[in-house]
Amino acid sequence: MPIRIGLLVPYSSIYPQLSGSLVSGVYAALPPALVKSGFFEFIPEYVKQGSQKDVEEAVKKLLFFHQADIIAGLVNYKTAKGLVPFIESANRIGFFTDMGECIPSEELQSKHVFFNSFQFWQSEYALGYWAQQQFGDKGVVVMSMYDAGYHLQSAFRQGAIKAGATIMDYEILHGGDMRQSMVQQHIHLFLEKMQAAPPAYIHVIVCGTEAVEFLKAYKASTLNGNVPLMISTHMAAEEILQQVADLQLECYAAPMYNYDSDEKNNTGFKKAYLRLTGKKPDVFALLGYEMGLVLTALFPELQKRDWAKVQQLLQSQVIRSPRGERSFYLDSSYKQPLIDIEKIQLGTGAVTRLVIAQGQCLDYNHEIFKQIHHENVSGWQNPYLCV
């Protein structure tokens, strides 16, 4: 009987192939004989835009109707907290992925639940620390309303404070027609304000088409070349920057993964995914690939359906992935990511990246990050970044 993996499938306008990329990433990591054997069976369950109610109903269906052994897919930490009791009572395993728009809480620590994250909050902390050291006080963080309810801007601010910052401004692009882009509606007012009183730097946190709109508007303003621009990790993705590769624009970012690295694990991942799908892998393919590495390592125990041993191993499991060492259990040894500070040059159809510094990280349960949990009481319900 196969291991049944219940897959939570959200709607994504920016990454419509999100779940397909994740599953293909898993299969790219498995030995070919294991793929052919059909030992792992994915059972997709649509969760719309990922509301608490929709996700909980999907998980209950997967657990109690489909009898899934493992629940996987993209899950926000706030949503995951409500899933832990279901998974524990059913004595199953949750192996969730996320982009890292929020910092995990210690309340999520469970021997049944594991997380594979891109840890964008670590990137924001590292970028804030570096920005303060490089450019000094009085920076500005600008966000679309849709991105302001996460922990990203708080992590950036805490990084800057740790490096000595005493003052920082926030600008949230909001109001008007909710059916239209917040950037399109409000960017001209923001740029006029910045041009009248230029800050030490500008850090922008927006997603999808709004990211492209912001970069084009910034390039056309007098701020370009005069005020340093820092972009969030998801804005620095190839899928975004290739759309503006002719802009003749310079900016900075703190990415969590170097696609062009010639490190063995990375080249192996890209070749395996291309061989399987004929496509270039994206971030969700990488998250799936890391899950596949875990499943491969645990195959002997999974074959025996020794769930107690699987749980035990997952609590200490460390894999070597294309982005370094990864672990999945929330405790004091939860692996910190490797972060480069990059200078990015756009122009003549090319995206050029130059590593100029190494980013600072902290443990997920550091007091600084606990403070962010107490600060962030947003009622914003969008559970996913980048979708």
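# A guided tour of the predicted model

Select serine 110 to begin: at 3% relative accessibility, this residue counts as buried (buried means under 20% relative accessible area, exposed over 50%, partly exposed in between, with a 1.4 Å probe and protein chains only). The model is predicted, so to speak of local features requires pLDDT of at least 70 and side-chain atom pairs count only at pLDDT 80 or more, while totals for chains, interfaces and linings use all residues. Residues are numbered from 1 along each chain as its sequence is written, and side-chain values use heavy atoms, with hydrogens and water left out.

Serine 110 sits in the loop between strand E4 (93-98) and strand E5 (113-117). Helices (H or I, at least four residues) and strands (E, at least two) are DSSP runs, numbered from the N terminus. Apart from neighbours within four places in sequence, serine 110 is in contact with Val84, Glu88 and Tyr329 (contact means heavy atoms within 4.5 Å).

**The open sheet**

Next, display the five strands that form an open sheet in the order E2-E1-E3-E4-E5, with parallel pairing; two strands pair if DSSP finds at least two bridges between them. Its edge strands are E2 (40-46) and E5, each of which pairs on one side only. On average, neighbouring strands of this sheet are turned by 20 degrees against each other, direction ignored. Within the sheet, select strand E3 (residues 70-74), which five bridges join to E4 in parallel; isoleucine 70 has isoleucine 93 as its bridge partner in E4.

Axes are lines fitted to C-alpha atoms, for helices over the stretch in contact, and angles run from 0 to 180 degrees between N-to-C directions.

**A helix pair**

Select helix H1 (residues 18-29) and helix H11 (residues 283-297), whose axes come within 6 Å and cross at roughly 40 degrees. Among the residues that meet here are Leu22 and Val26 in H1, and Phe284 and Leu295 in H11.

**Two further strand pairs**

Move to strand E6 (residues 139-144), joined by six bridges to strand E7 (residues 168-173), the two running parallel. Valine 141 has tyrosine 170 as its bridge partner in E7.

Finally, select strand E13 (residues 340-347) and strand E14 (residues 350-358), which run antiparallel and are joined by eight bridges. Aspartate 340 is partnered by glutamine 358 in E14. Two residues separate E13 and E14 in this hairpin, and threonine 348 in the turn has a positive phi of about 50 degrees.
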